[in-house]
Amino acid sequence: MTEKVVRIVDEGLLPLIKPPDPEDLRAANRTRDKGLVDKRMSEDEAIARFVEDGMYIGFELYGSVRCPMSLVRALIRSGKKHFDLAGQGVHEADLLLAAGIIERIDCTYIGQEVYGVSAPLRRAVESGQVKQVVEWSNGAITWRFKAAAMGLPFIPTYSMLGSDTLKYSSAVAIEDPYTKRPICLLPALTLDVGFIHVNRADKFGNCQVDGISGFALEMARASKRLIVSTEEIVDSEVIRAKPHLTVIPWYNIDAVVHAPFGSWPGEMTGMYERDEDHYRMFIEASQKAEATDAYMKEWVHDLPDHQALLDKIGRARLDAIVIGKGA
Amino acid sequence: MSMEYSPKELLICLGARLVEDHTMAFIGTGIPMLAASLAQKIYAPNLVPVFEFGGVGAVLEKLPLAVGDMRTFNKALQASSICDIMETAQRGFIEYGFIGGAQIDMYGNLNTTVIGDHAKPKVRMPGSGGANDIGSAIWRTIAIMPHDTRRFVEKIDFVTTPGYLTGPGAREAAGLPAGTGPYRVVTSLATLGYDEATCRMKLLALNPGVTVEQVRQNTGFELLIADTLEENHPPTDEELRVLREDVDPDKLYR
């Protein structure tokens, strides 16, 4: 009998930051508490309990939209470091990079959209502070989460074929045994800890998201530990009344953090718009390292917790962005 | 006497005129958002704008600041997710994709990743975002960008998003879906397309007051020239009025 082999037709040059390990995720999920237990805790407690130096982490959605910013600030304040990051990021990635706690990035997009390139990313990568940047497309990184969420080691796509985005990734392209055409295989991406912000959750961690769900469903299910922050904690009867709205179920969640205005200065669907004045102020500060450090001191390090941040912003300014009040 | 306009406003108007009514168009961040919004208000009221984080069929009343913000699904037909959008593109539903880029070559390959060496870049840019997915799976990709020799280069530093790669047959050989690829480049000087036989960029139409020589001088590679050149007419008073008063009244993009 002749041995048949699958032919690799193209291959990314960079080593995988986090090789797929579906067995490891299965084992972790087996030990997770499936009981309905109260998982409410503060940002600091969640980070102390579930985050360790050197872990692979990721955030959803991104810095200006439904992003767990109170958790980002708490993580920076915790002093934990040497993280690898799944980089679909805007403001949150800028803060993490400015704090100097990111070592390697699986990068799809880190920038400021309408305001251009990210100056903290430029400084961190061009100086060599970030040791490795591996390229992916937005679709690719999300499908990598989806593969992990499926409990499988990889997923095929057309994306990245023929490009330097594939060459400077860790993907492979094979000759598909069915169509005999080249197809890109994306390695599953599992997070040690994922961070997601939602509109509402009960104390057990059943989550509802209003509007687009971005990559929340996939990333949640690809996380060995998941910390969710929520604008509102609701009674479980609210969840049970409309169970079709539960996008992330309690058994996939390890911590529930109550964080009103948790996405600030980013927006939250149906609740508040992004704080454009603050956003522009940060963009301006972020252009220079010293001004960025001053921003980090004033808006992250000098504040003990999320409530202190809200007090500093002030009720009037928060009201101005609330939909139906100021906005 | 028609109204004065900026180069950016011209780009937006030219982009908007390319949008076809009753189609789905994948809208990238920046100028494509303005072009889509202007198109929806004047030329293509039934345009279905598609944004990568899940917004489908929004009425673009307020200009989005981010491809995932609330405005991308304002009064929309659907608010879904990245996977759903990218898979819809992979299944062949989306006709047009609008993107930008820092560098482009004669085959329409685009760079938004690095200037210089990848390991130690001179300039680290954002990366692919959804651009590679758009350039891979969308039927017709339209690039919108300023036109100069820094951007239109013989060899781009990094192929973030595939155009026709190295020429005829290269996309198919790489495994990209048949019949897809770059369609138009809308620039501050001209509208360009691609020669069917060679897949090379070809000048199709000149912007008001621009000469062929000027386009050549601002292009870092040998450009093909169509036998008959069209002329892009300047922004109409209606386009400028709608753009300034309805699309971007807060002057976010000016």
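Predicted model: local features only at pLDDT ≥ 70, side-chain atom pairs only at ≥ 80, totals over all residues.
## Basis of the model

Chains are lettered from A and ligands numbered from 1 in the order in which they are written, and residues are numbered from 1 along each chain as its sequence is written.

## Chain A overall

Chain A contains 13 helices and 12 strands; helices (H or I, at least four residues) and strands (E, at least two) are DSSP runs numbered from the N terminus. Its C-alpha atoms fill a box of roughly 75 × 50 × 35 Å along the principal axes. The radius of gyration of chain A is 20 Å, which agrees with the value near 20 Å for a compact globule of 327 residues. That radius is taken over C-alpha atoms, and the globule rule is 2.2 Å times the number of residues to the power 0.38.

Of the 327 residues in chain A, 60% are buried. Buried means under 20% relative accessible area, exposed over 50%, and partly exposed in between, with a 1.4 Å probe and protein chains only. Contacts (heavy atoms within 4.5 Å) in chain A with a separation of 6 or more come 77% from residues 24 or more positions apart. The accessible surface of chain A is about 12,900 Å², with 52% belonging to carbon and sulfur atoms; such areas come from the Shrake-Rupley method with a 1.4 Å probe, and for residues only the protein chains shown count as cover.

Chain A has 39 positive and 47 negative charges, whose mean positions are 3 Å apart. Lys and Arg count as positive and Asp and Glu as negative, while His and the chain ends are not counted. Each charge is placed at NZ of Lys, CZ of Arg, CG of Asp or CD of Glu.

## Chain B overall

Chain B has 7 helices and 14 strands, and its C-alpha trace spans about 50 × 45 × 35 Å along the principal axes. A compact globule of 254 residues would have a radius of gyration near 18 Å, and the 17 Å of chain B agrees with this.

Buried residues account for 61% of the 254 in chain B. Among contacts between residues at least 6 apart in sequence, 64% join residues at least 24 apart.

## The interface

In chain B, 53 residues are in contact with 58 residues of chain A. The area buried between the two chains is about 4,200 Å², with carbon and sulfur atoms giving 58%. On the chain B side, B:Met70, B:Arg124 and B:Pro126 lose the most area to chain A, together 17% of what that side buries. Buried area here is the accessible area (1.4 Å probe) that two parts lose on being put together, summed over both.

Helix 3 of chain B (residues 82-90) is mostly covered, with 7 of its 9 residues buried. Among them are B:Ile82, B:Cys83 and B:Glu87. The cover includes helix 6 (138-149) and helix 8 (216-221) of chain A, along with strands 1 (24-27), 2 (48-50) and 3 (55-56) and helix 4 (131-137) of chain B. After helix 3 comes B:Gly92, with a positive phi near 90°.

A:Asp254 sits in the loop between helix 9 (236-241) and strand 12 (255-258) and counts as buried at 12% relative accessibility. Beyond four places in sequence, A:Asp254 touches residues including A:Arg32, A:Lys39, A:Lys224 and A:Arg225. A:Lys224 is 30 residues away along the chain, with a C-alpha separation of 9.2 Å from A:Asp254.

A:Gln112 lies in the loop between strand 4 (102-110) and helix 5 (119-126) and is buried at 4% relative accessibility.

## Backbone features

Cis peptide bonds join A:Glu60 to A:Leu61, with omega about 5°, and A:Trp264 to A:Pro265, with omega near 5°. A:Leu61 is in the loop between strand 2 (56-60) and helix 3 (69-78) of chain A, whereas A:Pro265 is in the loop between strand 12 and helix 10 (276-286).

A:His82, not a glycine, has a positive phi of about 60° and is partly exposed at 39% relative accessible area. B:Leu165 also has a positive phi, near 55°, but is buried at 11% relative accessibility; B:Leu165 lies in the loop between strand 10 (140-145) and helix 5 (170-174) of chain B.

Methods:
Heavy atoms only, no water.
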